[in-house]
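Subject: Structure for you to look over

Hello,

Here is the structure I promised. Please open it alongside this email, and my notes follow below.

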Amino acid sequence: MITKKIGWIGCGNMGGAILRGALESGVISKDDAIVYDIKEEMMDKAKGWGAALGESDADVCGKCDIVLLAVKPQQAKEALAQCGEALDGKALISIVAGVTVERLRGMISGNARILRVMPNTPAMVFEGAFSLCADNDLASEEMAAAEELFRSIGVVEKVPETLIDAVCGLSGGGPAYVAMFIEAMADGGVKQGLPRATAYRLAAQTCLGTAKMILDMDIHPGQLKDMVTSPGGTTIEGCEALEKGGMRGTVIECINVATEKSKQL
């Protein structure tokens with residue numbers, strides 16, 4: 001259990017998912033989670049989950065050991081300005097997309113230890129993928145608290161900040177790509193006569209179950225593919241169609257262009 005007080009600046013979809021997951025999993029006590037959001041409805045939601053409420057960004061920073069910055073990129077500068085000197089000497093965890101540690105330092109009054117994190121939207125159902133920058137200056141106990149916090153609602157990987165753009169291209173945008181694949185699978189089922197709702201459920205559950213097998217059984221995706229493709233069977237026919245359509249190359253290029261776009265932001 002995390003014994004440090006953690007403050008939330010912003011409690012929207014992603015910040016709220018992290019807060020709710022941390023509270024429901026019990027990794028942090030309700031008294032040690034303090035939230036401030038400019039939107040009253042977000043404050044009401046945080047209060048309903050049992051978190052304590054702060055009066056301002058600066059108030060949250062002053063009361064907490066670690067501060068989670070969970071605002072939109074265009075709001076980061078103003079939010080950090082509102083913190084004033086209260087962030088001096090504190091640990092700041094940023095899940096703000098596209099804002100580097102160097103840029104964050106330029107927005108802060110005083111000195112703060114910073115950890116940049118790239119989350120993704122499945123955190124909203126406690127199945128997030130979180131990439132934590134390995135090159136950070138958090139104290140060891142602060143880093144341990146951060147890892148415990150994010151593991152409460154997903155998996156954690158450590159990467160250098162130079163690879164965060166690649167993470168953005170892969171797992172950041174990944175839910176959209178997977179959703180498109182699920183939609184395409186369902187369309188194929190509908191074409192063959194399946195009811196739309198049935199096709200969506202079967203396609204989505206198939207993707208969910210396949211991912212769980214790869215993670216829980218620690219097997220290579222190629223091995224799982226070989227488990228399903230019987231000689232001369234139906235699945236190998238489908239695999240051939242995907243290869244002819246250039247699926248692998250298209251997906252690789254998808255990650256490439258998304259990564260390059262992230263670098264330009």
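Is Asp32 buried or exposed? Asp32 is buried, because its relative accessible area is 15% and buried means under 20%. Keep in mind that this is a predicted model.

**Salt bridges**

Asp32 has a charged partner. Lys5 forms a salt bridge with Asp32, and their closest N and O atoms are 3.0 Å apart. This pair links distant parts of the chain, 27 residues apart. Lys5 sits in the segment before strand S1 (6–9). Asp32 sits in the loop between helix H1 (13–25) and strand S2 (33–36). Lys5 is partly exposed, with a relative accessible area of 29%.

Side chains of opposite charge can pair when their charged atoms come close. A search of the whole structure finds 14 salt bridges. Here are some others:

- Glu260 and Lys263 meet through their side chains, at 3.3 Å from N to O. They are 3 residues apart in helix H12, so about one helical turn separates them. Glu260 is partly exposed at 39% relative accessible area. Lys263 is also partly exposed, at 48%.
- Asp226 and Lys225 form a salt bridge at 3.6 Å, N to O. Asp226 counts as partly exposed, with 49% relative accessibility. Lys225 is partly exposed too, at 37%.
- Glu147, Arg151 and Lys158 are linked in a network of salt bridges.

**The sheet**

Next, the strands. An open sheet holds 8 strands in the order S3-S2-S1-S4-S5-S6-S7-S8. The pairing is mixed. Strand S3 (52–53) and strand S8 (154–159) are the edge strands, and each pairs on one side only.

Helix H6 (residues 140–151) packs on this sheet. Helix H6 touches S1, strand S4 (66–69), strand S5 (91–94), strand S6 (113–118), strand S7 (128–133) and S8. The direction of helix H6 makes about 140 degrees with that of S8.

Strands of a sheet pair through backbone hydrogen bonds, either parallel or antiparallel. Two of the pairings are worth checking on screen. S1 and S2 pair in the parallel sense over 4 bridges. Trp8 stands opposite Val35 in S2. S5 and S6 also run parallel, joined by 4 bridges. There, Ser94 stands opposite Arg116 in S6.

Why is S6 described as largely enclosed by the rest of the structure? The reason is that 5 of the 6 residues of S6 are buried.

**A nonpolar patch**

Now turn to the surface. Which residues form a nonpolar patch there? Phe181, Met185, Leu242, Met247 and Val251 do. Together they have about 390 Å² of accessible area. Helix H8 (174–191) and helix H12 (247–264) each supply at least two residues of the patch. Leu242 lies in helix H11 (residues 234–244). Leu242 is partly exposed because its relative accessible area is 38%, which falls between the cut-offs of 20% for buried and 50% for exposed.

**Where to look**

- strand S6, with 5 of its 6 residues buried;
- the nonpolar surface patch that includes Phe181 and Leu242.

Best wishes

How values were computed. Residues numbered from 1 in each chain as written. Predicted model: local features only at pLDDT ≥ 70, side-chain atom pairs only at ≥ 80, totals over all residues. Heavy atoms only, no water. Patch = residues over 30% accessible without salt bridge, like charges linked within 9 Å, V, L, I, M, F, W, Y side chains within 5 Å. Areas by Shrake-Rupley, 256 points an atom, 1.4 Å probe, with all protein chains shown as cover. Salt bridge = Lys/Arg side-chain N within 4 Å of Asp/Glu carboxyl O. Buried < 20%, exposed > 50% of the residue type's maximum accessible area, 1.4 Å probe, protein only. Pairing = 2+ DSSP bridges. Contact = heavy atoms within 4.5 Å. Axes fitted to C-alpha atoms, helices over the stretch in contact; angles between N-to-C directions.
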